[in-house]
Amino acid sequence: MLKYTIAFLKRGDEILLLNREKPYWMGCWNGVGGKLLPNESPLDCVLREINEETGIKLETIHYKGTVTWNVGSFDGGGMYLYLADLPADFSYSTPTKTDEGILDWKKIDWILDTENQGIANLHYFFPAMLHDNQTYEHRFIYEGDLVKAFTSIPQNLEVCHSNQVPVK
Ligand SMILES: Nc1nc2c([nH]c(=O)n2[C@H]2C[C@H](O)[C@@H](COP(=O)(O)OP(=O)(O)OP(=O)(O)O)O2)c(=O)[nH]1
């Protein structure tokens with residue numbers, strides 16, 4: 001069981017991102033989401049976190065796989081990945097300051113720009129997340145802060161059940 005969820009809310013060619021105020025995340029744009037509560041399913045967690053962090057209430061969301069990270073041989077953890085496809089006319093004005101940080105819509109092209117500083121390393125898994133129906137386990141291996149290796153391993157959807165938790 002992974003410890004976190006992350007969600008990307010898409011409206012046309014934009015994604016709603018959060019720049020968290022916590023020292024570790026300060027200045028870094030990332031999806032909304034957070035830590036699973038005890039006995040909480042990933043789906044319930046991500047819907048709760050979206051509501052807490054943005055005020056947006058979604059009934060459901062697409063499960064898109066997992067993202068895990070190892071630092072050298074140390075298992076750093078991981079998160080369940082979700083994508084919401086909002087209507088093009090979905091009204092949510094930004095930038096908005098919340099208790100967590102600043103929310104803003106960012107263009108997908110901006111997110112995919114590998115030269116971009118100040119953004120979590122989303123460009124590795126965004127193309128598959130946006131355009132591929134297959135779900136993947138996206139694995140990062142870090143050396144310090146540097147991505148040393150990245151692989152995407154297809155998940156077998158038949159083993160995904162009960163609130164879309166992939167069985168390990
Ligand atoms: N893109 C990306 N996101 C990450 C990585 N590591 C990691 O925790 N995240 C995500 C998972 C969560 O959605 C978010 C961290 O959320 P958070 O620390 O604010 O979670 P939280 O508020 O629920 O946790 P807490 O206050 O209870 O400690 O960042 C990473 O390496 N890359």
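The side chain of Arg20 reaches the backbone oxygen of Gly33 at 3.0 Å. Its side chain also reaches the backbone oxygen of Gly31, at 3.1 Å. Such a pair is a polar contact: two N or O atoms within 3.5 Å. Within protein, one atom must be able to donate a hydrogen and the other to accept it, and residues adjacent in sequence count only if both atoms are side-chain atoms.

The model is predicted: local features need pLDDT of at least 70, side-chain atom pairs count only at pLDDT 80 or more, and totals for chains, interfaces and linings use all residues. Residues are numbered from 1 along each chain as its sequence is written, and side-chain values use heavy atoms, with hydrogens and water left out.

Stay with Arg20. This residue sits in strand β2, residues 14–20. Strands (E, at least two residues) and helices (H or I, at least four) are DSSP runs, numbered from the N terminus. Is Arg20 buried or exposed? Arg20 counts as buried because its relative accessibility is 9%. Buried means under 20% relative accessible area, exposed means over 50%, and partly exposed lies in between (1.4 Å probe, protein chains only). Arg20 touches several residues beyond four places away in sequence, among them Trp25, Asn30, Val32, Glu53 and Glu100. Touching means contact, with heavy atoms within 4.5 Å. Take Val32: it is 12 residues from Arg20 in sequence, and the two are 9.2 Å apart in space, C-alpha to C-alpha.

Now turn to the ligand. Which residues come nearest to it? Of the 15 residues around the ligand, these are Thr5, Lys22, Asn30, Lys35 and Trp69. A residue is near a molecule if one of its heavy atoms lies within 4 Å of it. Strand β1 (residues 4–11) gives the most to this shell, with three residues. A polar backbone atom of Thr5 is 2.8 Å from an oxygen atom of the ligand. Asn30 places a polar side-chain atom 2.9 Å from a ligand nitrogen atom. For Lys22, a polar side-chain atom lies 2.7 Å from an oxygen atom of the ligand. The protein covers 79% of the 650 Å² of accessible area that the ligand has on its own. Accessible areas come from the Shrake-Rupley method with a 1.4 Å probe.

Next comes Lys106, in strand β7 (residues 101–107). Lys106 counts as buried because its relative accessibility is 16%. Its contacts beyond four places away in sequence are Asp13, Glu14, Ile15, Leu17, Trp29 and Ile111.

Pro95 lies in the loop between β5 (74–86) and β6 (96–97). The peptide bond from Thr94 to Pro95 is cis, with omega near 0°. Asn39 lies in the loop between β3 (29–30) and α1 (42–54). Asn39 is not a glycine, yet its phi is positive, about 65°. At 84% relative accessibility, Asn39 counts as exposed.
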